[in-house]
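Have the viewer open and follow along.

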Amino acid sequence: MVNIGNEWDVLLAEEFQKPYYLQLREFLKQEYSTATIYPPSQDIFNALRYTTYSDVRCVILGQDPYHGPGQAHGLAFSVRNGVQPPPSLLNIYKEIASDLGIQNNPRSGELIPWTKQGVLLLNTVLTVRDGQAASHRNKGWETFTDHIIRLLNVREDPIVFLLWGAPAGKKAELITNPCHLVLRCAHPSPLSASKGFFGCRHFSQTNAFLKAHGFAEIDWSIQ
């Protein structure tokens, strides 16, 4: 039984009982018992725990969790304090510096301060095998995260959706409410950051949109 601890429990109660999710759960039980899977099972839903439904102002949507030891902890692109920020996150910091002039600490990668301001750090797929990127794609997570995006789409308060990479970009078709802002670009990984992530200016655009709609701007600094 999943216990998130906030509004998401009620909003997702029916989803957790659907056949596809029950099948996904059985797959994950087998995976966690026979292989090294990230994040730890207790951290799978941290994105939802840290940012409840009514607090969401911005969604950063990535692909799947980091697949190196000690990195993933259930928040897209974030690592726990004491873990060296991976290249994707360092590229995010570079874009923030270029866009807003904020110099983030390159040794600190825990993005919880963003979640407390209404940033939902979500991946399209919420688990992965050690050292095997995309190993849990097409197992049911995409259907689950589609549902989360649909729930956010019907919100009346404007939300900024930052869709990074091709899997995240596919979610754009689910965001039909004209009150929201959808920004798409390449993934910030070293393989693709130079193909449209650098120079995207998503952070300043997010703050300008939120400010125009009467919401507080997000402090993108991590120290």
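Which residue in β5 does Leu61 stand opposite? Leu61 faces Leu163 there. Keep in mind that this is a predicted model.

## The sheet

Zoom out and you get an open sheet of 4 strands, ordered β3-β2-β5-β6, with parallel pairing. At the edges are β3 (119-123) and β6 (181-185); each has a single partner strand, so one side of each is left with no neighbour in the sheet. From one strand to the next, the twist averages 15°.

## Helices on the sheet

Helix α6 (residues 141-153) lies across β2, β3 and β5, at about 155° to β3. Helix α8 (residues 202-212) also packs on the sheet, where α8 touches β2, β5 and β6 and makes an angle of about 165° with the direction of β5.

Look at which parts of α8 are tucked away: His202, Phe203, Ser204, Thr206, Asn207, Phe209 and Leu210 are its buried residues. Their cover includes β2, β5 and β6, along with α4 (87-100). Just past the end of α8, Gly214 takes a positive phi of about 85°.

In soluble globular proteins, nonpolar side chains tend to be buried together. Here the largest nonpolar core has 66 residues, and the members touching the most others are Phe45, Ile60, Trp114, Trp141, Phe144 and Leu152. Helix α6 supplies the largest share of this core, with 6 residues.

Leaving aside residues up to four places away in sequence, its contacts include Ile60, Ile92, Ile96, Val119 and Leu121. Asn104 and Asp219 are also among the residues that Trp114 touches, as are Trp220, Ser221 and Ile222.

Most residues other than glycine have a negative phi, and most peptide bonds are trans. Now for some exceptions. The bond from Tyr38 to Pro39 is cis, with omega near -10°, and Pro39 belongs to the loop between β1 (37-38) and α3 (46-50).

The loop between β4 (128-129) and α6 holds Ala134, whose phi is positive, near 65°. Asn138 is also in the loop between β4 and α6 and has a positive phi of about 60° despite not being a glycine. How exposed are these two? Ala134 is partly exposed, at 26% relative accessible area, while Asn138 is exposed, at 70%.

Key. Residues numbered from 1 in each chain as written. Predicted model: local features only at pLDDT ≥ 70, side-chain atom pairs only at ≥ 80, totals over all residues. Heavy atoms only, no water. Pairing = 2+ DSSP bridges. Helix = DSSP H or I, 4+ residues; strand = E, 2+ residues; numbered from the N terminus. Axes fitted to C-alpha atoms, helices over the stretch in contact; angles between N-to-C directions. Contact = heavy atoms within 4.5 Å. Core = buried A, V, L, I, M, F, W, Y, C linked by side-chain atoms within 4.5 Å. Buried < 20%, exposed > 50% of the residue type's maximum accessible area, 1.4 Å probe, protein only.
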